[in-house]
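Okay, thanks for coming, everyone. Let me put the structure up and then we'll walk through it together.

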Amino acid sequence: MADTQQVDARAERTVSRLAHRIGAFAKAHGGAEGQVAHIGERGARIVLVGEDGAWGDLVAPTYAIAEQAVTKSGITVHESFDGEFAAKVTTGPYEWKRMAGIQIGG
């Protein structure tokens, strides 16, 4: 019984920490929307897109924790990273250089 309570407390702290980071991102970028995706055994990825086009991501240990964190943060959550949602992302020089580097083996 104590082990279950310890796991639940740890999960709750993780949810709170992720929700806080999501909220901070949203505040810094005039609001935010997100999408949660499985990334295998590693857990789940929370992709965030700010109202200003900035983007970022967080990794949660499980999909359930990621869902709880985005719910707790109050952001809009999309089912998929579809074209309409992806179009909100603004890419800058860094991203273009990075993508070009990948293409030419850099």
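Before anything else, one cut-off for later: when I say buried I mean under 20% relative accessible area, exposed is over 50%, and partly exposed is what falls in between. Also, keep in mind that this is a predicted model.

Let's do the salt bridges. How many does a search of the whole structure find? It turns up 3.

Start with Arg45 and Asp57, whose side chains meet in a salt bridge at 2.7 Å, N to O. Arg45 sits in strand E2 and Asp57 in strand E3, residues 55-60, so this pair ties together parts that are 12 residues apart in sequence. Now use that cut-off: Asp57 has 36% relative accessibility, so it counts as partly exposed. Arg45, with a relative accessible area of 31%, is partly exposed as well.

Next up, Lys88 with Glu33, where the closest N and O atoms are 2.6 Å apart. That one links distant parts of the chain: Lys88 is in the loop between helix H3 and helix H4, Glu33 is in strand E1, and they're 55 residues apart. Is Glu33 buried or exposed? It comes out at 10% relative accessibility, so it counts as buried. Lys88, on the other hand, is partly exposed, at 36%.

Then there's Lys72 and Glu12, with the closest N and O atoms 4.0 Å apart. Here the link runs from helix H2, where Lys72 is, to helix H1, where Glu12 is, and the two are 60 residues apart. Glu12 counts as partly exposed because its relative accessibility is 40%.

What does E1 pair with? With E2, residues 44-50, the sense is antiparallel, over 7 bridges, and Val36 stands opposite Ile46 in E2. The hairpin of E1 and E2 has 5 residues between the strands, and Gly40 there takes a positive phi near 80 degrees. With E4, residues 76-78, E1 pairs in the parallel sense over 3 bridges. Glu33 shows up again here: its bridge partner in E4 is Thr76.

The whole-structure search finds 1 aromatic pair. That's Phe81 and Phe85: the ring centres are 4.9 Å apart and the planes sit at 65 degrees, so we call it edge-to-face. Phe85 is at 1% relative accessibility, so it's buried, while Phe81, at 37%, counts as partly exposed.

That's it from me. Over to you.

How values were computed:
Residues numbered from 1 in each chain as written. Predicted model: local features only at pLDDT ≥ 70, side-chain atom pairs only at ≥ 80, totals over all residues. Heavy atoms only, no water. Pairing = 2+ DSSP bridges. Helix = DSSP H or I, 4+ residues; strand = E, 2+ residues; numbered from the N terminus. Phe/Tyr/Trp six-rings, centres within 6.5 Å; stacked < 30°, edge-to-face > 60°. Buried < 20%, exposed > 50% of the residue type's maximum accessible area, 1.4 Å probe, protein only.
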